[in-house]
Amino acid sequence: MDFLMDTIRWGHIGFGFVGLAAFWVPIVARKGGKNHRFYGKIFKYCAYVVLYAAMASVVLHLGDGLSRGVTPATNPSQYGFLFFLGYLAIVTLVGLRHGMQVLQRKKDITTLNTSANRNMAHLSILASVAIIFYAFYFKPSSMVVLLALSPVGFGTGFGILKAIKGKRPEKKAWFYEHMGAMIGTGIAFHTAFAVFGSSRLFDLGLEGFIAVIPWILPALIGIPGSIIWTNHYRKKFGDKPAKSPAAVSAT
């Protein structure tokens, strides 16, 4: 059991670091270019390994805790940490899967409106509901973090449903969906590093309320950044009308 957990943990860490580095190449490289596609694939495969390893780790630790008689009622903070890790993995996996699918169906992403894809979107929404319920019912020490990041699952799930049902009229809807999904996956990578990796490499000395900063900082930076970047490409592709001269002069 210990060997299995160690193998999963080190695999998670190793692929996580590679994926974290690979993530930035497609961000800065020419979109659709050789480097964008090559390093994007590296990031994708690393992400899948990391996410499945995280879910396996959560299941194993939950089983180990329950076998020793430790329950969410007796140790809400320990289970809160595990449930948050599981929540983050599920929501990120749903988004990553969607982000890769839209590349294959870019001509008409409404062909992705299948029961399987709708169920995955609903899974993301249910994950948010579950994490909110856990936070309010068991009140773990990480309650603020759980509630602060709970909207991510809602946003991912409802966003996917909107896209596959044809409610995104933009000409490049597939591009925005892909970009948003990959940035969301990158946010999850950076959150994991900020919370787990940095604490092992550096003694940041964060205590009290400010200790939640590493948990939410990547999302606080990444989500607005994704919105700004999407709006930039909407203007570039003509999906968002530029301000008229009169409107510009009025401002």
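Helices (H or I, at least four residues) and strands (E, at least two) are DSSP runs, numbered from the N terminus. Threonine 92, taken up below, lies in one of these runs, helix H3 (residues 76–104).

This is a predicted model, in which local features need pLDDT of at least 70, side-chain atom pairs count only at pLDDT 80 or more, and totals for chains, interfaces and linings use all residues. Residues are numbered from 1 along each chain as its sequence is written, and side-chain values use heavy atoms, with hydrogens and water left out.

**The chain as a whole**

The protein chain has nine helices and zero strands. Read along the sequence, its pattern is α-α-α-α-α-α-α-α-α. Of its 251 residues, 42% count as buried; buried means under 20% relative accessible area, exposed over 50%, and partly exposed in between (1.4 Å probe, protein chains only). A contact means heavy atoms within 4.5 Å. Among contacts between residues at least 6 apart in sequence, 76% join residues at least 24 apart.

The expected span of a helix is 1.5 Å times one less than its number of residues. Helix H1 (residues 2–28) has 27 residues and reaches 40 Å from its first C-alpha to its last, close to the expected 39 Å. Its buried residues are Met5, Ile8, Gly16, Gly19, Leu20, Ala22, Phe23 and Pro26. Helix H2 (residues 34–67) has 34 residues, which should span 50 Å, and its end C-alpha atoms are 50 Å apart, in agreement. After H2 comes glycine 69, whose phi is positive, near 85°.

**Two helix pairs**

Two packed helices are described by the angle between their axes and the distance between the axes. Axes are lines fitted to C-alpha atoms, for helices over the stretch in contact, and angles run from 0 to 180 degrees between N-to-C directions.

| Helix pair | Axes come within | Crossing angle |
|---|---|---|
| H2 and H3 | 9 Å | roughly 150° |
| H4 (residues 115–138) and H6 (residues 151–164) | 7 Å | roughly 160° |

Angles under 35 degrees count as roughly parallel, over 145 as roughly antiparallel, 65 to 115 as roughly perpendicular and the rest as oblique. H2 is therefore roughly antiparallel to H3, and H4 is roughly antiparallel to H6. A crossing is left-handed if the near helix is turned anticlockwise from the far one by less than a right angle, and right-handed if clockwise. H2 passes H3 in a left-handed crossing. The residues making this contact include Leu51, Met55 and Val58 of H2 and Leu85, Ala89 and Thr92 of H3. H4 also passes H6 in a left-handed crossing. Among the residues in contact there are Ala121, Ile125 and Ser128 of H4 and Gly153, Gly157 and Leu161 of H6.

Threonine 92 counts as buried because its relative accessibility is 7%. Leaving aside neighbours within four places in sequence, threonine 92 is in contact with Leu51, Thr185 and Ala188. Its side chain reaches the backbone oxygen of leucine 88 at 2.6 Å.

Leucine 88 also lies in helix H3 and, at 16% relative accessibility, counts as buried. With neighbours within four places in sequence left aside, leucine 88 is in contact with Ala188 and Thr191. The C-alpha atoms of leucine 88 and alanine 192, 104 residues apart along the chain, are separated by 9.1 Å.

Alanine 130 lies in helix H4 and counts as partly exposed, at 43% relative accessibility. Its C-alpha atom is separated by 8.7 Å from that of tyrosine 87, 43 residues apart along the chain.

Definitions and conventions. Polar contact = N/O pair within 3.5 Å; in protein donor to acceptor, adjacent residues only side chain to side chain.
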